[in-house]
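Please examine the sequence and the structure before reading on.

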Amino acid sequence: MEKKCCCCKEPTGAIPFLRIIDKLDSLFAKNDLAEAKRLLEYWEGEARALGDMRGLCEILSEQVGFYRSSGDKEKGLKAAQEAIDILDGEDSDSVANATIYLNCATTMKAFGEVDKAMPYYGKAKDVYERMLPEDDFRLAGFYNNYATALSELTRYDEAKACYEKAIEVLKKSGGYCEIAITYVNLAQLEFDKAQASGVICDDEIDKYVELAYESLNDKQIGRDVDYAHTCEKCAAAFAFFGYFMYKQELEERAKQIYDSNR
């Protein structure tokens, strides 16, 4: 049996990962990235000192996302490879492990190693499709993420099928901003496909832009900060496709939400 100290319910041989994540979330909420980086590096060292390989893998996964966001290619890819090496040494699969594989694959893709990322997308796909309910939000997130990788490889038909699967999952739960983002991704996919083939597809692009805008008008979606972020993302895409009135309207919606939170 694992020894515990008298003042804490957590095992002494493991880092307190849930408490670390709570602290990390609070730092991100304040946009204190320097302290978030310091926190992750500190607990990486603690996990190594304790020989807590599970905890180390989870910290590495958090670092993978952090370095991806901050654009640190060297550290991001190094953390991803070490996390993968730890997972590959295990003889069982789980949703938690699949999420780490997905995070690592996403970072590899972000830093220009999409071909290297594909086997790890495959590992995540196998577990997610076997173990998650059909209406699980994480499954939709996977399909969206995987579709961007497929699109980058010009596997457009497969990418489109994944985006459509993401929309199916999201519609089962309802009220998700991500439906709009997925329609915008489909519009971008049609644009990229047209650029590659030289075939005009304005009607398809227009269809997906309108569906994205319609999704953002869904009364089930709460008008919160996440909604504001989505409006900003979609506004930029709408401007790219020439929908300047939609862009202006969505930017105003976002501004109103931000102003109300001050």
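Student: What pLDDT does the protein chain average?

Tutor: This is a predicted model, in which local features need pLDDT of at least 70 and side-chain atom pairs count only at pLDDT 80 or more, while totals for chains, interfaces and linings use all residues. Residues are numbered from 1 along each chain as its sequence is written, and side-chain values use heavy atoms, leaving out hydrogens and water. pLDDT is the predictor's confidence in each residue, from 0 to 100. At least 70 is reached by 95% of the residues, and the chain average is 91.

Student: How far apart are the end C-alpha atoms of helix α5?

Tutor: Helices are DSSP runs (H or I, at least four residues), numbered from the N terminus. The expected span is 1.5 Å times one less than the number of residues. For the 16 residues of α5 (residues 95-110) this gives 22 Å, which agrees with the end C-alpha separation of 22 Å.

Student: How many of the residues of α5 are buried?

Tutor: Buried means under 20% relative accessible area, exposed over 50%, and partly exposed in between (1.4 Å probe, protein chains only). By this criterion α5 is mostly covered, and of its 16 residues the buried ones number 13.

Student: Which helices each supply at least two residues of the lining of the largest pocket?

Tutor: A pocket is an open set of points on a 1 Å grid over the protein atoms alone, where a 1.4 Å probe fits, with protein on both sides within 12 Å along at least five of seven lines; lining residues have an atom within 4 Å of a point. The 21 lining residues include Asn103 and Asn145, which are among the closest to the centre. The helices are α3 (53-70), α5 and α7 (137-152).

Student: Which side chain is joined to that of Asn145 by a polar contact of 2.8 Å?

Tutor: Asn145 is found in helix α7 and counts as buried because its relative accessibility is 18%. A polar contact is a pair of N or O atoms within 3.5 Å; within protein, one must be able to donate a hydrogen and the other to accept it, and residues adjacent in sequence count only if both atoms are side-chain atoms. The partner of Asn145 is Thr106.

Student: With which side chain does the side chain of Arg253 make a polar contact?

Tutor: Arg253 lies in helix α12 (residues 244-260) and is buried, at 12% relative accessible area. At 2.7 Å, its side-chain partner is Tyr227.
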